Structures are given as structure tokens and as C-alpha cells.
Amino acid sequence: MKSFVQIVQIPSADTNFQPSILMHCDKKRYLFGAGEAIQRTCIGRKIKTRKIHDVFLTFGSRGVWEGFGGFPGLFLTMADQNRFISDITVHGPRNTMYLMLTLRHFIYRPNIKIKINEFKSEKDIFVDENVTISPVICAPCNYELVNKSQEIEFCDKKRSFEEYVKDIHDNFESIQEMVFYSNDGKVKISCFEDIQKILSNFDNTKSKTSQKDHFKMINIERNVKNMLQTVPFPISVTYICEGHTQPGKFNPIAAKTLGVTPGPQFGRLSRGESIILDNGNVVHPYQVLGESRPGFIFIIVDCPDKNYVDSLVRKDIWNDYYKSGTKRVQLMIHMVNEDVLNDPGYINWMHQFSENVQHIISCPSLCSDFITHQKVALQQLKLNKLSDNHFPLPQCMTFQSKKKGINIKNLHITDIKPLQKFILEPNPLFIEDEVLLPIDLKSPENFRGLDVFLSLAKEANENILRDQEKFYTKSNIPGSNVKVITLGTGSALPSHYRNVSSTVLRIPGHGSVILDAGEGTLGQLSRQFGPDLDSFLKDLKWIYISHLHADHHLGTIRILKQWNKVNYENDKVIYISAPWKYFCFLQEYSNIEDFGWGRVRTISNGDVCEDFTLKKGPSNLHMNSVNLNNLLKDLSLSSFSTVNAIHCPWSFCMQFTHLDGWKVAYSGDTRPNENFVKLGMNSTLLIHEATLDDDKLEEAIKKKHSTTSEAIDIGKRMNANFTLLTHFSQRYPKIPNFIMNDNNNQNRLGIAFDGMEIEFSDLWKLPYYSNALKVLYSDEFNEKDLISS
């Protein structure tokens, strides 16, 4: 059996503080850490994901989402492509079950079977045919259970913390049974409606008393104020991974000498079975097998900061793995910060292991800000030749460390790099020949063979300069200095060239708005603003979520967490408008990680909906009205309203109008929508999805999306001053198949690219780039490797 460990992604501005690590065995994959961008990274690096059956989490002081934010998207993609052969199990410390429960509002795939293995103690060892994985659970020395004296409310019943914890342990399987529905112990994540159906039939299977006992754990009423609750547990988990002892090599000569006939008897002996010969003699495996060899051992250490050091290094379990013990560790991957690397206790602990151990250090402040998505950066470099203002180069972040590297003597140490590989079996070997080199954006090789494109780019800019006077009136429209930044312009799942949905509007003197925030949006913001990211976040006032499909909101948690950090010393608030169910998720999630929920002001999209025919969700209409009025005041808006989108339940199209007279209409995901045409009439800018090309009309109708021609037609009927198309299917990741610069559009139509930023006054320039774009993307292909098979 060949087994190896591979570094999938490392800390960077694109990703998270926690790396993602994949263990490969012949028939299974094991993923440790699944932060945001993991799916896109695997696509870009051609790493196969379909054999992942076990995901291991750790929380610690970095927070829960750092090592988990990419899992829901990866999970949904694998389900949609029907790639599960068997179950997937999520392993983690206390609150792992709770974390999965919070996702029930927007994750539902009936073909997925999932198990949750929550470590209650270090005795909860995972064993399968390939490996034994032992959790080493650590808490920070400065951690006190501040909620211990707090009464926690469940369905109008108050209980002490001790009672709550006991109930969690005693009813763990019942919780799974209620909130997930299962067959043979295999659990499916259920959407809200399915839970309601199950509960409606509950009386048929359980007594009234039993029903009441189960309900005390979980309140599934449609009430935002009375949902699941728990308390934070900043627990880190270090994983000791041990391969099973391998039998010795079969000796056919010794077997023949003992009278064994070649064939099935050889096979039974090599598998460790004794056999009886025809003459009655018994031959045992030890007589024909060489000396067995111990399995591999590697350790993924999670010590987020110095407060965890004592709890980690004082564990008795390490005695067997030290150089004085009986077990030999081959690889240790350390997820730490600089304070840990400067802690004498931690360094001394590292020296207790064999001098032959290979140590890989993952320390965010010591990692170079490696551009993870290199094809995106190269695309941006080429687009930059059209306009360095409209297509700026991706920026690198400045880290605080003054160190140039890691300096720990007498150990085999290297810093973490993408695609490092450690062969575990058959022969241990650390290799870096597949490690990606940093991209050189200054190399002239990047433009080899692009002479025609460069010529057309120059011609486009000359034509823009020539026609500047002609479009003077378009440059002086209301809101001329408002800037639109398209961070993510793809649909459903990320690809090499387009991340999932997110668009920014910067309103000088008033603040910034984010329209949808798919997974990886904070990474996109980091590349867009570089060292000025904090300034942008201080300016951010509003996040609008159009609907609950994961590609439109999974990036929100990290944005809010970073926003809260940047604005920690002031009293600012941030507004979020979304379907009401999304606030259930945010509130429940806030119980396990502080991202600033107390500073979020919510506005239900349904409460500002002008054609709302469905039953509204629970909301405090007075508070919504207050928050809406404050939002309008803070951004100097005269109105914000929505209509139902023709897509999924609780999906919306929206418009907002500024007191200066300009107006933005945003479609979210929708089929052509007459009510939206009326809502967005005479918009300064229409941002409309164009998911599918015109030859995919039947698919667009089935999936409730728009084709490019349908989106263009909406812009014309809306009399929008400019229509910007986005949310393109990843089947044409670079450029959709339509003619942008036809005579009927009169410079009122453009297509969005990731990282594009342009002021309203310059929107008329976008069609001038069309000829150059067609040449640049003339080799467009059908990107069949969206998720490696």
C-alpha cells in the first residue's frame, strides 16, 4: 500500500490561517482542515477529492470557521456530482454536532449520508482499515467556562450549564435522530421543511412523554429568538495518525520447504492465516513471514497560541512517542503562531522526539503571501494591459513578523509550502519536487504569443481616448464616482478563473456595500485591497444576501469576523439584509464563535418586498423598520426594496436608490422577471446574472437562471443606463459566447471579471475592450476538471 501526506493549501491572503492537509491511502482520503477556498485550491492544483470520506476539524483560538468554512461548499459539490460511494464522517471536538446543525437552514442533499463523530474524550479513537487516529484535546490555560453560571434557554425552559452538558451527552444520538433523519445510523443533513414533516409524524412513533423529552434539546419553531443554543469551547485537537502494523514479507521458499503448495494456501498464509496440510501438519504465518514492520506515524499538532502549550506538552500520551519511547514518529506538522515558536516549553517538547522526525511549520505570520490561485493572477495580469485602473494586479499582504524564517536548531525543520509531500509507505520520504514556485508577474514570458491581443488593447485605449468627448455626458451621470468591484463572477462553484458570487459598491463619502458574499470573498477582498483591507472594512456598512444558496453567502462569516476585529475600538454597526432564515443561522453560529453578532443590524428581505405573496417569516417589524431607516440614513439612500426572484424559495431581486439620484438594480439569481423590470426601471446600473449561454435555454428554465440574451433584454426593457452581466456558468470560465459590442447596445453593456473595478463614469469604456477580449480568450475551452474525479 502506498500512503502519503500532502499539503493542499497554506495560510495566505487567499485562504485561511489554518492549512488544509490531505492523507492519501489506496482507496480513501482523509482531510484535516477545510477552510474557505479549499475547493478552488483543489481544482487549481488538480487534487482529487472524491475519495474523501473523513474530515477532521480543530477549533482553538483561531475560531471555528477558519478550518471549516470550505467544507459546506465542497460537500455540496460532491453531492451534486453524485460522487459519494459511501458515507462521509465529520470528526471534531465539542460543538461539532452543533456546528453541523446550524447548516440545516441552507444545506439539503437527499443523496448525502453523513455522520458526526464528536470527541468527548481522548478515548474516542478513530480506527478503520488504514489508520488509527487518536485525538489529543487541549484547552487554553486562560480559558474559563464563563457561561458556566449562565442559564441557557431551551423552549422556554431554563437549565444550568451542568444539566445542559449532561443532556448533550445523554441524548446525543437522539439529537441526530431528530434534527437529522437517519437510516441504519447514517445521517443526512435535513432542510427545515423536512424536519417539520418528520415532526408532524412524530406522534406515530413516540409517546407524548418521549416527544417532550426530545424537544427539550432542540427548538425547531420558526422563532429567531428561540433556536439552538450552546456555549463556545475553544478546544484544539492534535491528531496522532498511526498506520497499522504491516505483516512481514512472504517467503515462498520457506513455505515450500514446509510442504505448502503454491496457490490459495500461499495467499492464506500471507494474509496471516494458519493452514492445515494434507498430512495434518499445521503451518503458521510466523513460519513463512518475515519480521513485521510498524506502521507509519505522523502527528498534526494544533497549538494556536502560547496559552495552549502547557495543556499540550504535559500530556502523558507523548511518552510512547518520544525518542525514549517505543513508537517512532516520522512527520510532525505544527499549526502554531510565533509566540508558540518562541516558547521554551514548546521547543523543548519538539526536541523530545527523534532527531529524524521531519517537522513542517505552519505559522501564518512567517508564511510568504503565496498567491494561491495562480491562473487567476495571470488572467488579471493580461487584463491589466487593457487598463491598470479597471483591472488592477492582485496585491500581497504585509505581515507583521520581522523574522526571515524559522530558526530552531538540531531538528529537520522546513516552513510549510503548497504541495509538499511526505511518503509514509512503503518507504518514508519527504519530497518537495512538486512544490509550486511563487508566480512572477513581472516575467515577459507571461505575454509570449499575445502580440495581437496587446495590439488590440492599445487600439481600444486609443479609441477610448478618441471618443472621450463623445461620451462626456455618460461620464457626468449621477453617482459618477461610485465604484463597482466584481470580486466573484462565477456561478455554483469556483473555477480557475471565476470565484463564486460577490460584488462591491463603494460610495465615496458614505460607505461600501457588498452584494452577496460567496465562499472566499474575504480572500478576494484581500487581493483587491492588500494593505488597505482594513480601511475598506472600516468603510463597509451593508451586506446584502439575495438568497440561501451557499455560493452566495458562505463567505459572510469571515468578513464579519474581520470587520469586527478592525472596528473593535469603535461603536459602528453593520447592516445585513437577507432572507429571514439566514439570521437564524448567524444567531446560532454566534454561540460557538464571536464574529460580532451583537453589532449586526438585520433587515429581512421579505419585509421590504413589494410583491410578497408568501407567508412572511418571523421578524420584529418595528426593529426591522428602525434598522432600515438607519441603513438609509447611514448610506444616504432614499429607498431599498425587493421583489421575489424566480429561482428558489426566499430568493430576491433588489434595488436601492441614492439621494443624489442614481440607482442600482441587482438581480441575484432569477429567471427573467417582469416585477424586477418594474422595480429597477431607469436604473443607473443593472447587475444581472447571465448564468447560461443562449443555446442552454432549456437548462436555464429548469434551473431557474437567465441566459445572456434574456439578461440583456431585461436591461433594455428596464431602460438601464448600463447593464453589467455576471454569475457566468463555470462551463465557460473565461468569457461567455456572445457578441458584446453589437450596434443595438450603444455602449450600455459589459461583462464582469473577477477583480474588475470601475466607476460609473467609466462604464461606457467596457465595450471597447471586447475585440481584445475575444482574441485573448479565443482558446476558450470546456473546463471539465472543475472537480477532479
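**Group meeting: a walk through a predicted model**

Serine 3 is buried, with a relative accessible area of 0%. Buried means under 20% relative accessible area, exposed means over 50%, and partly exposed is in between, with a 1.4 Å probe and protein chains only.

Before I go on, some ground rules. This is a predicted model, where local features need pLDDT of at least 70 and side-chain atom pairs count only at pLDDT 80 or more, while totals for chains, interfaces and linings use all residues. Residues are numbered from 1 along each chain as its sequence is written, and side-chain values use heavy atoms, with hydrogens and water left out.

Back to serine 3. Serine 3 sits in strand β1, residues 3–9. Helices (H or I, at least four residues) and strands (E, at least two) are DSSP runs, numbered from the N terminus. What does serine 3 contact, leaving aside its neighbours within four places in sequence? The list is His24, Cys25, Phe296, Phe422, Ile423, Leu424 and Glu425. Contact means heavy atoms within 4.5 Å. Now look at proline 428. In sequence, serine 3 and proline 428 are 425 residues apart. In space, their C-alpha atoms are 9.5 Å apart.

Stay in that region for a moment. Glutamate 425 and proline 426 are joined by a cis peptide bond, with omega at about 10°. Proline 426 is in the loop between β20 (421–425) and β21 (429–431).

Now the whole chain. The protein chain has 24 helices and 34 strands. Of its 789 residues, 61% count as buried. Take the contacts with a separation of 6 or more: 73% of them come from residues 24 or more positions apart.

Next, helix α14, residues 451–466. This helix has 16 residues. From first C-alpha to last, α14 reaches 23 Å, close to the 22 Å expected at 1.5 Å a residue. The expected span is 1.5 Å times one less than the number of residues. Which residues of α14 are buried? They are Phe453, Ala457, Ala460 and Ile464.

Now a pair of helices. Helix α16 (residues 521–529) packs with helix α18 (residues 556–566) at an angle of about 55°, and their axes are 7 Å apart. Axes are lines fitted to C-alpha atoms, for helices over the stretch in contact, and angles run from 0 to 180 degrees between N-to-C directions. The two helices, α16 and α18, are therefore oblique to each other. Under 35 degrees is roughly parallel, over 145 roughly antiparallel, 65 to 115 roughly perpendicular, and the rest oblique.

Which residues meet? From α16 come Thr521, Leu522 and Leu525; from α18 come Arg558, Ile559 and Gln562. The residues of this contact divide into three nonpolar, two polar and one charged. Nonpolar covers Ala, Val, Leu, Ile, Met, Phe, Trp, Tyr, Cys and Pro; charged covers Asp, Glu, Lys and Arg; the others, Gly among them, are polar. Helix α18 is mostly covered, with nine of its eleven residues buried. Among them are Trp563 and Asn564.

On to helix α23, residues 708–718. Its buried residues include Glu710, Ile712 and Met718. The buried residues of α23 pack against several elements, including α21 (674–679), α22 (697–703) and β32 (723–726). Just after α23, asparagine 719 takes a positive phi of about 60°.

Two other residues belong here. Alanine 37 has a positive phi of about 80°, although it is not a glycine. Alanine 37 is in the loop between β3 (29–32) and α1 (38–44), and is buried at 5% relative accessible area. Serine 636 has a positive phi of about 55°, and it is not a glycine either. Serine 636 lies in the loop between α20 (621–635) and β28 (637–644), and counts as buried at 17% relative accessibility.

Last stop: asparagine 476. Asparagine 476 is in the loop between α15 (472–475) and β22 (483–488). Is asparagine 476 buried or partly exposed? At 45% relative accessibility, asparagine 476 counts as partly exposed. Asparagine 476 and serine 761 are 285 residues apart in sequence, yet 6.3 Å apart in space, C-alpha to C-alpha.
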